[in-house]
2 protein chains.
Amino acid sequence: MITGKNYIGNKLSAQGSIKYSTINPVLNLENNWKSTEATAEEIAEATALSSRAFKDFRKTTPDQRATFLEAIADEIERLGSELIEIYCLESGLPQGRAEGERGRTLFQLRSFAEMLRKDDWQETAIDFAIPDRQPIPKSDIRKTYIPLGTVVVFGSSNFPLAYSTAGGDTASALAMGCPVIVKSHPMHAGTGELVASAIVKAAEMTNMPNGVFSNLNSKGIEVGVQLVKDSKVKAVGFTGSIKGGRALYDIANQRPEPIPVFAEMGSINPVIITQKALEEKGSQWAKTYADSITLGTGQFCTNPGLILGVQSPELDAFTSELASNIVDIDSMCMLHPSIKGAYDLNKSNVLNQAGVETLTTPLNVEVNYADQTVAKVDGKVFLANPALHQEVFGPFSVVVQCENKSEMMEIIEGLEGQLTGTIIAEESEINDLTDLVDELQQRVGRIIFNGVPTGVEVCNSMNHGGPYPASSDSRFTAVGLDSVKRWIRPISYQNFPSELLPKELK
Amino acid sequence: MITGKNYIGNKLSAQGSIKYSTINPVLNLENNWKSTEATAEEIAEATALSSRAFKDFRKTTPDQRATFLEAIADEIERLGSELIEIYCLESGLPQGRAEGERGRTLFQLRSFAEMLRKDDWQETAIDFAIPDRQPIPKSDIRKTYIPLGTVVVFGSSNFPLAYSTAGGDTASALAMGCPVIVKSHPMHAGTGELVASAIVKAAEMTNMPNGVFSNLNSKGIEVGVQLVKDSKVKAVGFTGSIKGGRALYDIANQRPEPIPVFAEMGSINPVIITQKALEEKGSQWAKTYADSITLGTGQFCTNPGLILGVQSPELDAFTSELASNIVDIDSMCMLHPSIKGAYDLNKSNVLNQAGVETLTTPLNVEVNYADQTVAKVDGKVFLANPALHQEVFGPFSVVVQCENKSEMMEIIEGLEGQLTGTIIAEESEINDLTDLVDELQQRVGRIIFNGVPTGVEVCNSMNHGGPYPASSDSRFTAVGLDSVKRWIRPISYQNFPSELLPKELK
């Protein structure tokens with residue numbers, strides 16, 4: 001049941017006077033529940049409680065935390081159809097997507113639990129003493145990792161479950177023994193509260209300290225800003241826009257004690273298609289990419305927003321087919337009127353640039369539905385105009401027709417950091433691609449061959465991040481088991497008695 | 001031979017008009033060679049060359065880079081007595097220390113080379129495809145790490161070799177395939193140039209691309225600031241003061257494209273001594289700590305500047321013995337008049353605070369020599385006065401006499417981040433120390449039992465870093481093989497043909 005209140009640890013609290021509703025974008029109406037924004041006092045209460053909880057939570061065993069994570073997954077499952085219903089009402093996304101994303105969320109929680117139950121996940125190092133070493137004896141030194149402390153999580157608009165309240169950031173932080181405070185996303189406050197109730201229930205059932213998790217409602221930016229400024233907060237996880245992520249990054253870095261912010265932000269996910277691929281399978285790729293561009297109404301951070309090819313009749317044919325295929329796909333609802341508004345604005349900003357040609361026929365769509373769009377532009381024009389390099393969040397892609405391969409390489413070398421880069425080519429030309437792979441991989445976190453960038457597999461080999469502005473620190477990933485590395489730090493024990501060493505170092 | 005010029009890649013260059021000398025602190029005289037500060041044009045030339053060199057350097061094999069690092073070590077050895085002589089003239093440190101530090105530097109370079117020659121250092125992950133997975137097939141995904149790009153290294157004043165031109169930052173960055181530009185430390189510009197000449201020679205001998213290494217002279221802050229602002233620079237390594245490190249950290253974070261800065265900064269390295277240890281071995285520890293506090297004229301980042309005990313006659317006896325032992329040690333020269341000046345100023349600032357009692361008799365020392373000093377203060381006074389928590393770089397330590405254990409814990413809980421924390425106790429009380437270890441380890445990067453914090457072993461289990469302000473990012477270490485993690489980032493290859501995969505993923 002949605003109460004509209006904040007969770008400050010296990011306690012429901014609504015001291016504030018700012019109340020807000022979420023929006024059903026399909027009906028373009030407010031949903032019939034209201035959430036109360038957390039007050040400054042409630043925020044301070046949550047961080048203080050969290051900081052106290054850390055003293056006990058950091059001493060829990062990996063097994064205890066695994067049990068906690070599994071209980072969270074079980075409790076989310078137990079929310080049953082209510083969660084799916086609220087998710088759909090708040091996101092405009094279809095039921096199948098809601099169920100799929102719930103499955104992914106449960107899988108993530110259980111994957112971290114499984115990792116914790118194995119002994120080999122800890123990267124320890126042990127050097128034994130050499131008492132008779134000359135000129136001075138060598139001490140026994142052993143290294144392990146400990147949690148940073150309270151992590152504040154800013155969930156994303158486009159994954160109300162998998163990258164939000166109990167998503168990858170929360171799961172990985174809790175797995176490592178860091179208490180979590182979620183700054184609830186205003187677009188899906190009801191979904192967030194339901195998931196938060198499951199986490200709180202799981203925490204109580206598994207005897208976790210009160211304050212190991214809090215969920216704070218917020219409509220504007222104030223709650224998030226106060227949280228990131230709070231000296232009791234020790235790290236931040238964020239998924240969202242470059243503007244939002246950068247603002248939090250700046251606040252965190254300007255603190256007297258700066259803290260790490262892992263922000264997964266924007267990306268236009270360039271795709272390079274070779275002449276041979278256009279000749280052999282142009283039509284097939286035009287179909288595949290029409291699907292990829294419109295997947296989830298284009299609201300994926302890995303959505304392919306930029307397709308690069310060298311001018312040719314086959315590239316023209318591909319571009320036309322892509323445009324005609326894409327308008328044949330049923331238009332879908334966007335997450336929120338403001339996201340639809342940003343889509344329209346950012347798209348028209350690109351389309352209105354000199355030299356940009358819109359290839360799709362305008363569609364008549366319902367309010368808050370996205371009219372999928374494909375445009376094309378010459379390489380020279382693209383190179384000269386940074387406005388064309390900006391992400392348009394939604395089902396939109398620009399095909400850049402390069403004069404030749406060297407212009408294409410120049411464009412690639414000038415790209416900002418990206419989550420992904422994709423190469424579409426024929427097997428027979430693999431040996432000609434070495435330089436392209438080398439250049440492209442400098443700018444991306446994941447590089448795909450003959451596939452689509454949409455779809456982020458949750459597995460150990462996945463990197464979801466990339467050079468700025470794809471993420472704020474390319475050395476970490478938001479997805480996969482290595483995502484825990486964002487929330488821990490090494491510590492060495494020198495000459496330590498066995499009784500006082502952490503279990504994994506004994 | 002010292003030319004006083006900058007190395008821009010393999011080329012000697014001195015276009016500027018700002019010339020400066022280093023100082024022989026023992027004689028308090030300028031040395032008879034001059035270095036020419038790099039101009040804005042030379043800096044831009046170095047970053048552009050470095051960025052071009054990266055295109056080839058990143059494609060070198062681990063074996064090739066190992067050969068390069070070994071050649072650097074060999075060439076530094078070949079500098080022979082000239083290097084040792086210049087080192088001593090520029091630092092005031094004795095020959096034995098110079099030789100020891102050179103040995104450490106060579107060991108570091110060769111350790112990274114050895115690591116590169118083994119296949120198991122790369123943290124790869126491979127998930128094979130599952131083409132028949134439902135509802136969608138799973139792609140083959142493989143993850144490895146690639147270098148970030150050009151790293152700018154700011155060497156330290158106190159380790160002209162091991163933490164400077166060819167020190168740990170440079171060695172770890174080159175090991176990973178990142179070109180390095182050293183902002184030469186003005187206090188040992190001659191030593192720096194000699195080491196740079198060895199690196200450049202090694203780069204030429206092993207066919208590394210021109211620009212893989214540059215060494216830029218600088219007297220003030222301008223060269224460093226321009227380097228950190230340069231968009232071609234992708235990461236920064238720094239060892240030095242909190243003020244300097246924080247300034248660079250802020251500049252790097254305010255860039256349009258922020259870059260990671262690993263700054264190893266200040267620390268007062270708290271030591272906790274128990275009543276039992278005072279009773280059983282107080283005199284022994286008073287001797288051991290007099291040595292540790294004065295080691296290297298107290299100019300170690302791990303120098304113990306704060307000793308905490310509970311008020312007792314034994315603590316009084318320990319404090320008096322520490323004070324009398326320490327003044328019996330021969331006073332030694334500091335690195336530079338400005339370091340001696342800062343020592344005097346910062347020390348007198350502490351000694352002049354209300355409630356602080358100086359325990360050592362004033363010493364008559366030569367100019368630029370440090371008069372080692374011990375003071376004491378009550379826990380209550382220490383708690384109330386943040387001025388007493390500041391690092392005094394030099395042979396100085398404050399003994400804090402706490403009223404009781406709970407006041408001691410309060411002090412520990414209020415400490416800023418530290419490189420190290422030490423516990424001196426008897427074996428019989430180990431089981432009473434769990435809470436102390438838990439609290440102390442939250443604030444330090446390395447925790448020592450019955451030992452001294454000075455002396456940083458170069459080994460895999462070493463962590464040299466810690467919560468801010470000990471370092472700018474507690475998740476990384478400046479020493480040990482893991483220090484390479486500062487300069488690399490993960491990248492995933494999805495559905496990639498074997499021919500295009502990096503060797504370690506095939």
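Residues are numbered from 1 along each chain as its sequence is written, while chains are lettered from A, and ligands numbered from 1, in the order in which they are written. Because this is a predicted model, local features need pLDDT of at least 70 and side-chain atom pairs count only at pLDDT 80 or more, whereas totals for chains, interfaces and linings use all residues.

**How the copies are related**

Let us start with the pair as a whole. Chain B is superposed on chain A by a rotation of 180 degrees with 0.0 Å of shift along its axis, at an RMSD of 0.0 Å. The two copies are thus related as by a two-fold rotation axis. The superposition is by least squares on the C-alpha atoms of residues with pLDDT of at least 70 in both copies. Within chain B, the residue that comes closest to the rotation axis is Asn253(B), with its C-alpha at 3.6 Å.

**Where the chains meet**

The contact between the chains takes 50 residues from chain A and 50 residues from chain B; two residues are in contact if their C-beta atoms, placed from the backbone, lie within 7 Å. Five elements of chain B, namely S5, S6 (141–147), helix H14 (434–441), S18 (444–449) and S19 (488–494), each supply at least two residues of the side that touches chain A. S19(B) gives the largest share of that side, six residues. Sorted by class, the side of chain B that touches chain A has 21 nonpolar, 17 polar and twelve charged residues. Here Ala, Val, Leu, Ile, Met, Phe, Trp, Tyr, Cys and Pro count as nonpolar, Asp, Glu, Lys and Arg as charged, and the others, Gly among them, as polar. Since 100% of the interface residues of chain B are also interface residues in chain A, the copies meet through the same surface.

**Sheets built from both chains**

Helices (H or I, at least four residues) and strands (E, at least two) are DSSP runs numbered from the N terminus, and two strands pair if DSSP finds at least two bridges between them. Ten strands form an open sheet of mixed pairing, in the order S14(A)-S15(A)-S16(A)-S13(A)-S12(A)-S17(A)-S18(A)-S19(B)-S6(B)-S5(B). At its edges stand S14 (357–358) of chain A and S5 (125–127) of chain B, each with a single partner strand, so one side of each is left without a neighbour in the sheet. Another open sheet of ten strands, also mixed, has the order S5(A)-S6(A)-S19(A)-S18(B)-S17(B)-S12(B)-S13(B)-S16(B)-S15(B)-S14(B). Its edge strands are S5 (125–127) of chain A and S14 (357–358) of chain B, and each pairs on one side only.

| Strand | Partner strand | Bridges |
|---|---|---|
| S15(A), residues 373–378 | S16(A), residues 396–402 | six bridges |
| S17(A), residues 418–424 | S18(A) | five bridges |
| S18(A), residues 444–449 | S19(B) | three bridges |
| S12(B), residues 270–273 | S13(B), residues 306–310 | three bridges |

Val374(A) has Ser397(A) in S16(A) as its bridge partner, and Ile272(B) stands opposite Leu308(B) in S13(B). Ile448(A) is the partner in S18(A) of Thr422(A), and Ile448(A) also has Gln494(B) in S19(B) as a bridge partner.

S18(A) is mostly covered, with six of its six residues buried; buried residues have 20 or more other C-beta atoms within 10 Å of their own, exposed ones 12 or fewer, and partly exposed ones lie in between, with C-beta atoms placed from the backbone. Together with S17(A) and helix H14 (residues 434–441) of chain A, S18(A) makes a right-handed β-α-β unit. Right-handed means that, with the strands pointing away from the viewer, the path from the first strand over the helix to the second runs clockwise.

**Domains of chain A**

The domain assignment of chain A gives domain 1 (6–15 + 34–119 + 147–265 + 471–505) and domain 2 (270–449), with bounds that come from an automatic or database domain assignment. Their centres, taken over C-alpha atoms, are separated by 34 Å. Eight residues of domain 1 and twelve residues of domain 2 take part in the contact.

**A buried glycine**

Gly237(B) lies in strand S10 (residues 233–239) of chain B. Gly237(B) counts as buried because it has 29 C-beta neighbours inside 10 Å. Its C-alpha atom is separated by 6.0 Å from that of Val261(B), 24 residues apart along the chain. Leaving aside neighbours within four places in sequence, the contacts of Gly237(B) include Val151(B), Phe154(B), Asp169(B) and Arg486(B).
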